[in-house]
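The tour goes from one selection to the next.

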Amino acid sequence: MSDTISFRLNDQPVHVTVDKSRPLLWVLRTDLALTGTKFGCGEGYCGCCTVLVDQRAMRSCSLTVKDVEGKDVTTIEGLAKNGQLHPLQQAFMEHDALQCGFCTPGMILTAFGLLRSNPQPSHEQIIRGMEDSFCRCGAHPRIVDAIQSAAAAMKGGR
Amino acid sequence: MKPIDFLALDFQGGPSVAAPSFQSRRDFLKRFGGGIVVFVTFGDLLLAQESTHDVRTPVVPRPGLPTDFNAFLRIGGDGRVTCFTGKIEMGQGPITSLPQMLAEDLEVPLDSVDIIMGDTDLCPWDAGTFGSLTTRAFGPALRAAATEAKGVLLELAADSLQVPVAQLMAQDGVIFDQQNHERRITYGQLTKGQKIERHLTVRPSLKDVAQFKIAGKPLLRRDARDKVTGKAQYTGDVRLPGMLYAKILRPPAHGAKLKSADTTAAREIPGVQVVQDGDLMAVLHELPDVAEAALGKIKAEFDVPPADVDDQTIFDHLLRVAPGASVVSQGGNLETGKQLSARQFETTYLNSYVAHAAMETHTALAHVEGDKATVWASTQNPFGARDQIARALGFPAENVRVITPFVGGGFGGKTFNLQTIEAARLAKAAGKPVQVMWSREEEFFHDTFRPAAIVKINSGIDATGKMTFWDYEVFYAGDRGAQHFYTIPHHRTAAHGSGWQGPPGSHPFGTGAWRAPGNNTNTFARESQIDLMAAAAGADSVEFRLRHLSDPRMIPVLKAAAERFGWTPAKAPSKRGYGVACGIDAGTYVAAIAEVAIDPAKGTVQVKRVVCAQEMGLVVNPAGATIQMEGCITMGLGYALAEEVHFKGGKILDTNFDTYPLPRFSWVPKIETVILEANDMPPQGGGEPAIVVMGALIANAIHDATGA
């Protein structure tokens with residue numbers, strides 16, 4: 001039972017003809033070849049599969065492709081604009097806020113969602129906002145620092 | 001979708017090699033044509049790897065050691081330098097630190113160095129990436145190769161410039177006459193059209209640390225940009241034309257046998273292929289989620305053996321079936337020590353099974369064509385995987401190529417390579433490339449956990465608060481970190497079993513190496529016991545340790561931690577919530593001090609601050625070393641505070657992160673690290689040492705807060 005589902009993906013319109021109940025994660029990773037969105041747990045606990053849906057961070061393993069019909073989806077591949085890294089990406093690099101890098105796309109997009117709702121979060125608010133995103137390598141303190149410095153960089157201008 | 005042939009980590013548009021298979025040095029030279037290639041063969045280096053390898057890789061009989069070379073680098077006609085290593089990048093940073101070493105010794109800019117990692121056809125044989133060995137064992141070979149290559153280049157330049165070698169200087173990929181800087185020639189110019197092969201069997205004298213310009217300096221990760229943009233490829237991101245995704249039928253418990261499986265409903269889903277290869281049954285489909293749905297439609301029945309142990313009764317079971325002890329170290333006479341004691345302390349320490357829980361689950365993509373197989377794999381030991389796959393398929397090892405893209409965390413868990421065998425068998429059976437990516441439930445089920453372990457210590461102090469004797473027995477954690485380093489006149493340390501596997505029938509499921517294997521358990525027990533005695537002696541726990549330390553490496557490390565922490569002596573337990581612990585792992589000395597806050601009403605522990613001091617010999621990339629320490633501390637909070645695998649018989653009750661907690665952002669304390677300078681010592685391990693102190697550190701701090 002395939003349906004054609006249309007949405008915006010990384011600033012481009014896309015139309016996919018798929019079973020609309022399929023998880024967004026796998027449609028992104030296989031049908032659309034965007035492998036930056038990672039599978040970590042499949043049940044929404046870890047955050048590795050986080051994408052932006054209408055600028056809000058959501059877990060693509062727990063969404064169907066139907067859920068994003070007509071919406072605006074951004075994956076990690078679509079965060080940099082015109083070759084210019086997003087301040088969060090820049091800050092994650094500068095703060096060495098990653099090791100194996102597997103959770104990194106989800107961390108950055110979760111942080112994006114956090115900063116969108118609270119552009120100048122306190123240290124405590126960052127921790128609360130990131131609490132349900134897992135990193136096994138232990139990059140947490142640097143991730144918090146990176147988000148703080150990205151928030152500072154984004155003030156004004158953006 | 002473009003298949004990639006191997007992980008070419010070229011940073012500045014370096015050589016891109018669409019590489020066919022080649023297995024020998026001769027093939028390698030043919031493939032790359034000209035340039036300078038240095039092969040290094042060090043007997044002692046091999047021994048260093050071997051001695052560790054012996055203990056550590058449990059399932060695979062070792063392949064023959066390479067007799068020709070075990071490290072190499074190539075300098076191309078374009079002046080670019082390529083380093084080939086069987087090591088892999090799983091977050092610990094060799095992708096940065098190895099080129100850093102190479103650039104230093106070869107005198108080239110860092111961005112002219114490319115690195116090819118974990119490809120069994122392109123890289124020299126390697127035991128695997130574990131044991132914090134990359135920098136200390138592989139590093140010297142790489143540095144030697146670079147030094148040799150520089151020597152060759154200087155000779156070529158002497159010819160070309162008509163200047164004696166002694167008058168020449170190499171810098172930034174250029175050789176110039178020190179008396180006339182205009183007389184200069186680049187490495188690329190020298191290498192062009194040359195075919196020079198060097199074999200290095202004698203260790204050359206290496207550049208002095210004091211002259212380091214690139215090594216020893218903090219450096220940001222070279223893979224960071226690809227990792228923040230989603231470009232970095234992990235095994236699960238590799239695509240091949242016509243590939244299928246497999247979902248494997250799993251038993252409900254370890255030891256369960258398949259009785260029957262009705263696959264009718266699964267086969268009705270369009271495009272589904274059910275494959276059975278002996279005991280391996282899987283559903284294949286061109287979409288992973290459809291394969292998963294189809295797997296759910298298989299009605300399977302299993303014979304499940306009765307559950308005779310669970311996470312409560314396991315320790316009694318383990319003690320019952322424990323192998324005999326072998327003495328790790330001893331001195332004096334325990335009976336004499338006991339007679340000297342005013343007080344004795346007999347304690348049993350228990351450690352539960354702990355999962356690796358890397359964020360990337362075990363993944364492999366296999367492509368079998370005729371009698372050849374290519375397998376992309378998330379593995380810490382690509383050469384081990386190659387041999388396992390070859391055996392499973394009945395192929396000679398040289399017909400199997402394992403390619404290791406970025407690995408999404410390993411921690412010792414990605415050394416058994418079951419998923420690579422599964423993918424290879426299914427690809428062979430299906431006649432198409434097959435990807436196996438374990439679900440989180442499969443990851444918990446097939447993880448080779450840190451083994452449950454027991455440590456029994458009997459120890460004593462005399463009336464003046466001096467340690468008199470130490471009788472230490474460890475079960476199932478092995479001897480890594482078991483030996484104490486305190487001044488105790490009468491002591492004995494014994495280990496039951498060699499480590500993390502135990503004899504058959506001891507553990508109800510797989511166990512294996514877990515970051516600093518064995519040492520977490522041993523350090524937890526030893527440093528807890530030391531604190532117990534310090535408290536009984538009415539002493540300060542830092543002072544008590546110093547009183548019993550004579551090791552010239554440990555004393556400054558503990559003092560450095562105490563100084564940075566701002567430690568003020570107090571009789572333990574001080575009610576301040578301060579804890580201290582020391583440990584030695586992979587040649588590195590660690591001391592840490594923590595502050596915790598206890599909420600008695602809620603029964604919760606918040607770790608407020610951890611100061612960790614470490615002496616690890618020469619530090620190649622201080623930024624990387626610091627990050628490894630932070631990672632160890634953060635990861636270690638998990639086993640110290642919460643992580644424990646729940647099971648009943650062979651059934652693993654934890655299937656996802658809802659019941660198995662990982663350290664979260666709110667758990668993480670303020671972390672301060674101190675690395676003591678020890679440039680006269682060769683580099684020691686960095687990826688594991690700091691995690692070993694975490695169990696005792698937190699336990700001691702809690703004890704200091706509560707007095708209980």
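This is a predicted model, and the stops below cover a chain contact, a helix and a sheet.

**Stop 1: the contact of the two chains.** Select chains A and B together. Their contact takes 43 residues from chain A and 47 residues from chain B. On chain A, the elements that give two or more residues to the side touching chain B are H1, helix H2 (87-94), helix H3 (104-117), helix H4 (123-130) and helix H5 (140-154). Colour this side of chain A by residue class: 25 residues are nonpolar, twelve are polar and six are charged.

**Stop 2: helix H8 of chain B.** Select residues 288-295 of chain B, which form helix H8. Six of its eight residues are buried, so the helix is largely enclosed by the rest of the structure. Show the side chains of the buried ones: B:Pro288, B:Asp289, B:Val290, B:Ala291, B:Ala294 and B:Leu295. What do the buried residues of H8(B) pack against? From chain A there is helix H1 (24-31). From chain B there are strand S10 (244-248), helix H7 (264-267), strand S13 (280-285) and strand S20 (434-437).

**Stop 3: a sheet in chain B.** Four strands of chain B form an open, mixed sheet in the order S24-S25-S26-S29. Strand S24 (578-585) and strand S29 (670-676) are the edges, each pairing on one side only. From one strand to the next, the twist averages 20 degrees.

Now zoom in on S24(B) and strand S25 (residues 588-599) of chain B, which run antiparallel and are joined by eight bridges. B:Ile584 has B:Tyr589 in S25(B) as its bridge partner.

Conventions: Residues numbered from 1 in each chain as written. Chains lettered and ligands numbered in written order. Predicted model: local features only at pLDDT ≥ 70, side-chain atom pairs only at ≥ 80, totals over all residues. Pairing = 2+ DSSP bridges. Axes fitted to C-alpha atoms, helices over the stretch in contact; angles between N-to-C directions. Buried ≥ 20, exposed ≤ 12 C-beta atoms within 10 Å, placed from the backbone. Contact = placed C-beta atoms within 7 Å. Nonpolar A, V, L, I, M, F, W, Y, C, P; charged D, E, K, R; others polar.
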